[in-house]
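This report walks through one protein chain, from overall layout to individual side chains. Have the coordinates open while reading.

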Amino acid sequence: MRTTLFAIVAVLLPVAAFAQQGRSRDFQTPPDAGKTLPSKPAARASNPCASFGPGFVRVEGTDTCVKLGGAVSVGGGYSSGR
């Protein structure tokens with residue numbers, strides 16, 4: 001398994017380097033120089049996701065409401081070997 005993974009990386013690494021050779025970038029001026037940022041629309045008075053409960057927010061550009069969360073747990077044990 002490890003040998004197969006190494007072979008895949010060995011083949012893809014030069015391919016990725018070759019693909020980026022054709023791109024030339026001018027690092028002196030940023031690509032968005034001279035452009036103005038779009039203004040954000042006025043904040044809405046009501047939260048459309050409030051009906052789902054606290055913590056839900058709307059994904060920009062869609063009508064989808066999401067709530068991110070998670071938990072972390074750590075366990076351990078010890079055996080004296082007797």
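A residue counts as buried under 20% relative accessible area, as exposed over 50%, and as partly exposed in between. Phe52 has a relative accessible area of 53%, so Phe52 is exposed. The model is predicted.

**Layout**

The protein chain holds 1 helix and 2 strands. Along the sequence they follow the pattern α-β-β. Helix H1 covers residues 2–21. Strand S1 covers residues 57–58. Strand S2 takes in residues 65–66.

How much of the chain is buried? Buried residues make up 1% of the 82 residues. The chain exposes about 8500 Å², and carbon and sulfur atoms supply 60% of that area.

**The helix and its patch**

Leu5, Val9 and Leu13 make a nonpolar surface patch of about 300 Å². Leu13 sits in helix H1. Its relative accessible area is 59%, so Leu13 is exposed.

**The disulfide**

How many disulfides does a search of the whole structure find? The count is 1. Cys49 is joined to Cys65, with an S to S distance of 1.9 Å. The link spans distant parts of the chain: Cys49 lies in the loop between H1 and S1, Cys65 lies in strand S2, and the two are 16 residues apart.

Is this disulfide left-handed or right-handed? The torsion about the S-S bond of Cys49 and Cys65 is about -75°, so the disulfide is left-handed.

The two cysteines fall into separate accessibility classes. Cys49 is at 0% relative accessibility and therefore counts as buried. Cys65 is at 21%, so Cys65 counts as partly exposed. The cut-off for buried is under 20%.

**Around Val57**

Val57 belongs to strand S1. With a relative accessible area of 47%, Val57 is partly exposed. Which residues does Val57 contact, leaving aside neighbours within four places in sequence? They are Cys49, Thr64, Cys65 and Val66.

**The aromatic pair**

A search of the whole structure finds 1 aromatic pair. Phe52 and Phe56 form it, with 5.7 Å centre to centre and 40° between the planes. Why is the pair called tilted? Planes under 30 degrees apart count as stacked and those over 60 as edge-to-face, so the rest count as tilted. The angle for Phe52 and Phe56 is 40°.

Phe52 is exposed. Phe56, at 22% relative accessibility, counts as partly exposed.

**Gly69**

Gly69 is placed in the segment after S2. Its relative accessible area is 77%, so Gly69 is exposed. Gly69 and Gly55 are 14 residues apart in sequence, and 9.2 Å separates them in space, C-alpha to C-alpha.

**Accessibility at a glance**

The table collects relative accessible areas for residues discussed above.

| Residue | Relative accessible area | Class |
|---|---|---|
| Leu13 | 59% | exposed |
| Cys49 | 0% | buried |
| Phe52 | 53% | exposed |
| Phe56 | 22% | partly exposed |
| Val57 | 47% | partly exposed |
| Cys65 | 21% | partly exposed |
| Gly69 | 77% | exposed |

Definitions and conventions: Residues are numbered from 1 along each chain as its sequence is written. This is a predicted model: local features need pLDDT of at least 70, side-chain atom pairs count only at pLDDT 80 or more; totals for chains, interfaces and linings use all residues. Side-chain values use heavy atoms; hydrogens and water are left out. Patches are made of residues with over 30% relative accessible area and no salt bridge: like charges are joined within 9 Å, nonpolar side chains (Val, Leu, Ile, Met, Phe, Trp, Tyr) within 5 Å. Accessible areas come from the Shrake-Rupley method with a 1.4 Å probe; for residues, only the protein chains shown count as cover. A salt bridge is a side-chain nitrogen of Lys or Arg within 4 Å of a carboxyl oxygen of Asp or Glu. Helices (H or I, at least four residues) and strands (E, at least two) are DSSP runs, numbered from the N terminus. Buried means under 20% relative accessible area, exposed over 50%, partly exposed in between (1.4 Å probe, protein chains only). Contact means heavy atoms within 4.5 Å. A disulfide is a pair of cysteine sulfur atoms within 2.5 Å. Rings of Phe, Tyr and Trp (its six-membered ring) pair if their centres lie within 6.5 Å; planes under 30 degrees apart count as stacked, over 60 as edge-to-face and the rest as tilted.
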